[in-house]
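Please look over the sequence and the 3D structure below. Then read on for a short tour.

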Amino acid sequence: MQAKKRYLALLSAAASLVLLFCLGGVQVPATSSSRGGGGGGGPGRRRHPAAERPWPRFSDPLPSFAPPESHSDAAAEEEAEERGAHSSPRLKRDVNSSVYRARRCRMESCFDFSACERNGFKVYVYPQQKGDKISESYANILSAIEGSRFYTSDPGQACLLVLGLDTLDRDQLSPQYVHNLKGKVQGQPLWNGGRNHLIFNLYSGTWPDYTEDLGFDIGLAMLAKASVGAENFRPGFDVSIPLFSKEHPRAGGERGSLRSNTIPPFRKYVLVFKGKRYLTGIGSDTRNALYHVHNAEDVVLLTTCKHGKDWQKHKDARCDRDNAEYDKYDYREMLHNSTFCLVPRGRRLGSFRFLEALQAACVPVMLSNGWELPFSEVINWNTAAVIGDERLLLQIPSTVRSIHQDKILALRQQTQFLWEAYFSSVEKIVLTTLEIIQDRVFQHTSRSSLMWNSHPGGLFAMPQYSVYLGDFPFYYAQLGVKPYPKFTAVIHAVTPLVSQSQPILKLLTAVAKSHHCAQIIILWNCDKPLPAKHRWPATSVPVIVIEGENKVSSHCCETGGFFLESPVPRSVDFAFTVWQSFPERIVGYPARSHFWDSNKERWGYTSKWTNDYSMVLTGAAIYHRYYHYLYTNYLPASLKNMVDQLANCEDILMNFLVSAVTKLPPIKVTQKKQYKETMMGQSSRASRWADPDHFAQRQTCMNKFASWFGTMPLVHSQMRLDPVLFKDQVSILRKKYRDIERL
């Protein structure tokens, strides 16, 4: 009887379990083959993004420094620890579910393209309201937008809108935290649920959980966010940006540290890291395990518990030993003397170590699972970093040691390109973000992967000019394309024609004789009308005269190069031949130089005849027509207006622009040593060459231009190219450029 009762009880319990299972009361953990179905949440539940994304893997080995973890809320973290400010499980669920209410937003569903189609890609910045305080970093972001070609002061013209409210630091423990932001954002008259808005954010959430909650509903707005997790990142809508410190330069920025391509490219250390070790809360596991692979020889991974005012309360048995080892090494010396730099997660996914490693030409070894790397939409990080897996920490040393030295050199070179192209300043980070969004809006003219991942980068390769890479001078070598074999000569006429013996007519005749010349454009900027047609010499190439203009339209020429002239040496063919070998540079005759005046603490301009130069005057030079397009469409109106008002410095500005693109100096070819004296004897405006005001203006221009670029882009050179045999005492018949002897 007792056995029968036990049997009935067991049968009843089994039936109850079956019933509960059928009604969904018991959830069975999903196996690896069934995770895509979303577990036991029912057939209608959306698949979790993390289940669709594989764990990061190591990359194929064949294919200003901020103080370590110097975020200002370190002390506040310790205070929160004292208070035991842990969130309840229910609060965590509520926060995680409300981080992105428009989780499925994409450009086609949450963005209004109509304003962009009407007015182009224009960005409006909300004006500052009285009483609103913004951090220096956010002020730099807004300044970068307002100084760009995208900026508009008319919200009706805007394709994209950026809040004037500081949204960078949304950590409630931070002194930079803006309270009541939710009400302030919702009260903006143009908010419209966040549609067509872009929100910049560096820090979100707070201790101990550091969720990605910003403390207000972003609605349909896009996020340009640091340390963003792949689980919450909306591909093709949000933009992942790097975490940068408040000391990060506003514009320009320092160049990368790779000065020579040493072979083999190995440094003193193979792998290094120096930073905090977290004893409590998230961010602990990975850094706590680094001591397992530290060998104090070529793998130096240092952590310290000594941060925050109450660190001793939580110290473990290893803290004293770790702290002592930590103090033995200088962080900057390690950074610049290591082949690879570990970039593990901290409290958040991102870290200051990322940008520091890029600048130092130390190949980043990423150890932050789930981090959507900065600008991952356009940058191929496998060519500049090693993507590691936190679960495979012990394999990191052997993995980096197995990478061939040729691959290491390629990785280091790419770190330098990416640093200088997109990360060296706040301005570049902001402009890269805007260019990515512009490519989404106008997909038919979006940049290719080659444009983004090769020199000079997406900021200087404007697809509005052309979608064919062969139209850009800096891609000729990669594509195996040769420059166009003809040039357009542009002659700027500033004095009227009086006789047939005037230099302008001699110049016109000489240039037209070149078999490389396709056409001649004369910019007639004289105060007297054009002379009669019979006064002009007959030429074998078309001559186009444009009256009343001192600028050249970037659309006027179909040939591959420009030849801008004042009086010029007779043999232009040699200069054009040189340019065909260096089509991305300015090639010309009269050269000038810049220098740093330590007494006045400003840049100086000199026209002294020396072997050293950094500029070639565009009054007698050849350069690719694309630079005219960049000059017109990339540079801000303020600089171009300054040049027009002064009627001076356009040649200096063009040299700044081309050197900023190429990171190379111009090229000087043979010229008359009496060039300046000849100019003064042939022009009614010759006094400009000796006019102190003219020279002072050029000094002012140098410093104004350097301020806008954020750095001095000009590069010094001592190279001069001359025709072979042109000075030798040999038969004139053996010389290809015979007129050179007259110089």
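The report below goes from the whole chain to single residues.

This is a predicted model: local features need pLDDT of at least 70, side-chain atom pairs count only at pLDDT 80 or more, and totals for chains, interfaces and linings use all residues. Residues are numbered from 1 along each chain as its sequence is written, and side-chain values use heavy atoms, with hydrogens and water left out.

**The whole chain**

The chain has 26 helices and 23 strands. Both are DSSP runs, numbered from the N terminus: helices are H or I with at least four residues, strands are E with at least two. Of the 743 residues, 52% count as buried. Buried means under 20% relative accessible area, exposed means over 50%, and partly exposed lies in between (1.4 Å probe, protein chains only). The accessible surface of the chain comes to about 34600 Å². Carbon and sulfur atoms hold 52% of that surface. Accessible areas come from the Shrake-Rupley method with a 1.4 Å probe; for residues, only the protein chains shown count as cover.

**A helix pair**

Take helix α22 (residues 637-646) and helix α26 (residues 692-709). Their axes come within 11 Å and cross at roughly 175°. That makes α22 roughly antiparallel to α26 (angles over 145 degrees count as such). Axes are lines fitted to C-alpha atoms, for helices over the stretch in contact, and angles run from 0 to 180 degrees between N-to-C directions. In α22, Leu639, Met642, Val643 and Leu646 meet residues of α26, including Phe705 and Trp708. Contact means heavy atoms within 4.5 Å.

**A buried valine**

Valine 616 lies in strand β20 (residues 615-616). With 0% relative accessibility, valine 616 counts as buried. Not counting residues up to four places away in sequence, valine 616 touches several residues, among them Ile586, Tyr589 and Pro666. The C-alpha atoms of valine 616 and aspartate 651 are 8.0 Å apart, though 35 residues separate the two along the chain.

**Backbone exceptions**

Most residues other than glycine have a negative phi, and most peptide bonds are trans.

| Residue | Phi | Relative accessible area |
|---|---|---|
| Asparagine 196 | about 60° | 8% |
| Serine 227 | near 55° | 7% |

Asparagine 196 lies in the loop between α8 (181-186) and β4 (197-201). Serine 227 is found in the loop between β6 (222-226) and β7 (239-241). Now a peptide bond. Histidine 455 and proline 456 are joined by a cis peptide bond, with omega about 5°. Proline 456 is in the loop between α17 (449-453) and α18 (476-479).

Terms used: Angles under 35 degrees count as roughly parallel, over 145 as roughly antiparallel, 65 to 115 as roughly perpendicular and the rest as oblique.
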